[in-house]
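The sequence and the structure come first.

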Amino acid sequence: MKRFIIAAGAMVLASSAAFAGNFDGYYIGLDGAYNQIKIRGVDDTAFSGRVNAGYGMTHNRVYLGGEGNIDFEGFEKTAKGVKLEKDLSFGLTGIVGYEFTPAYLGYGLVGYERADIKINGEKEAFDGLRYGGGVETKLKDNISARSELSYSRVKYDNLTVKDLKTTVGLAIRF
């Protein structure tokens with residue numbers, strides 16, 4: 001029985017290696033973003049940066065992964081007598097994708113987002129949902145370019161912040 005379990009384990013590991021996708025493993029990335037933010041009926045734009053890290057695996061061209069991100073934002077606006085500042089947000093996201101070619105991955109994402117927003121100088125934590133989609137293209141064996149469109153909606157009491165974010169960046173897999 002012990003030999004059977006060892007042999008079965010070896011076969012699973014060997015088959016996993018044979019079907020490993022080009023986007024498998026851990027990664028870190030840096031993105032730049034253009035944000036379209038809406039707070040209390042006021043639309044504005046801002047630029048931000050993102051650091052992300054995650055893990056994913058491909059099986060039969062279907063990609064499953066998870067990612068954590070920290071966004072550094074510089075949004076500041078006074079509207080209807082209220083000063084609003086959005087400096088930092090972070091989140092955890094699940095990713096499901098499809099490897100169209102060995103060098104091209106399309107994916108959808110959904111996850112949790114938390115944004116630290118100052119209202120008239122007092123910092124509050126806004127929680128909500130983030131969803132969207134993107135594409136990733138291999139540039140080298142372990143370096144890829146990413147582009148993503150995501151939408152987040154975070155709330156605190158009766159205040160909602162909506163953020164449509166277009167990002168472009170690089171990821172390094174190891």
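Helices (H or I, at least four residues) and strands (E, at least two) are DSSP runs, numbered from the N terminus. This is a predicted model, in which local features need pLDDT of at least 70 and side-chain atom pairs count only at pLDDT 80 or more, while totals for chains, interfaces and linings use all residues. Residues are numbered from 1 along each chain as its sequence is written, and side-chain values use heavy atoms, with hydrogens and water left out.

The chain has one helix and eight strands, in the sequence pattern α-β-β-β-β-β-β-β-β. Of the 174 residues, 38% count as buried; buried means under 20% relative accessible area, exposed means over 50%, and partly exposed lies in between (1.4 Å probe, protein chains only).

- Strand 1 (residues 25-39) and strand 8 (residues 159-173) run antiparallel and are joined by 13 bridges. Tyr 34 has Thr 166 in strand 8 as its bridge partner.
- Strand 2 pairs with strand 3 in the antiparallel sense over 12 bridges, and Met 57 stands opposite Leu 64 in strand 3.
- Strand 3 also pairs with strand 4, antiparallel, over 16 bridges. Ala 79 has Val 82 in strand 4 as its bridge partner.

**Turns and positive phi**

- Two residues separate strand 2 and strand 3 in their hairpin, and Asn 60 in the turn has a positive phi of about 50°.
- The hairpin of strand 3 and strand 4 has two residues between the strands, and there Lys 80 takes a positive phi near 50°.
- Asn 120 sits in the loop between strand 5 and strand 6 (122-138). Its phi is near 50°, a positive value in a residue other than glycine.
- Asp 157 belongs to the loop between strand 7 and strand 8. The phi of Asp 157 is positive, near 50°, again in a residue other than glycine. Asp 157 is exposed, with a relative accessible area of 64%.

**Salt bridges**

- The count is 14 salt bridges, each defined as a side-chain nitrogen of Lys or Arg within 4 Å of a carboxyl oxygen of Asp or Glu.
- Glu 67 forms a salt bridge with Arg 146, and their closest N and O atoms are 3.1 Å apart. Glu 67 is in strand 3 (residues 62-79) and Arg 146 in strand 7 (residues 143-156), so the pair ties together parts 79 residues apart in sequence.
- Glu 67 is buried at a relative accessible area of 5%; Arg 146 is buried with a relative accessible area of 5%.
- Arg 146 also meets Glu 148 in a salt bridge, at 3.5 Å from N to O, and Glu 148 is buried, as is Arg 146.
- Salt bridges link a network whose members are Arg 50, Glu 67, Asp 71, Glu 73, Lys 86, Arg 130, Arg 146, Glu 148, Asp 163 and Lys 165.
- Glu 76 and Lys 83 form a salt bridge through their side chains (3.7 Å, N to O). Lys 83 counts as partly exposed, at 32% relative accessibility.

**Nonpolar core**

- The largest nonpolar core has 13 residues, of which Ile 39, Ile 119, Phe 126 and Val 161 touch the most other members. A nonpolar core is a set of buried Ala, Val, Leu, Ile, Met, Phe, Trp, Tyr and Cys residues joined through side-chain atoms within 4.5 Å.
- Strand 1, strand 4 (82-101), strand 5 (104-119) and strand 8 are the elements that give two or more residues to this core. Strand 5 gives the most, with three residues.

**Nonpolar surface patch**

- Tyr 26, Ile 28, Tyr 55, Met 57, Ile 172 and Phe 174 make a nonpolar surface patch of about 640 Å². The elements giving two or more residues to the patch are strand 1 and strand 2 (42-59), and Tyr 26 lies in strand 1.
- Patches are made of residues with over 30% relative accessible area and no salt bridge; like charges are joined within 9 Å, and nonpolar side chains (Val, Leu, Ile, Met, Phe, Trp, Tyr) within 5 Å.
- Accessible areas come from the Shrake-Rupley method with a 1.4 Å probe, and for residues only the protein chains shown count as cover.

Methods
Two strands pair if DSSP finds at least two bridges between them.
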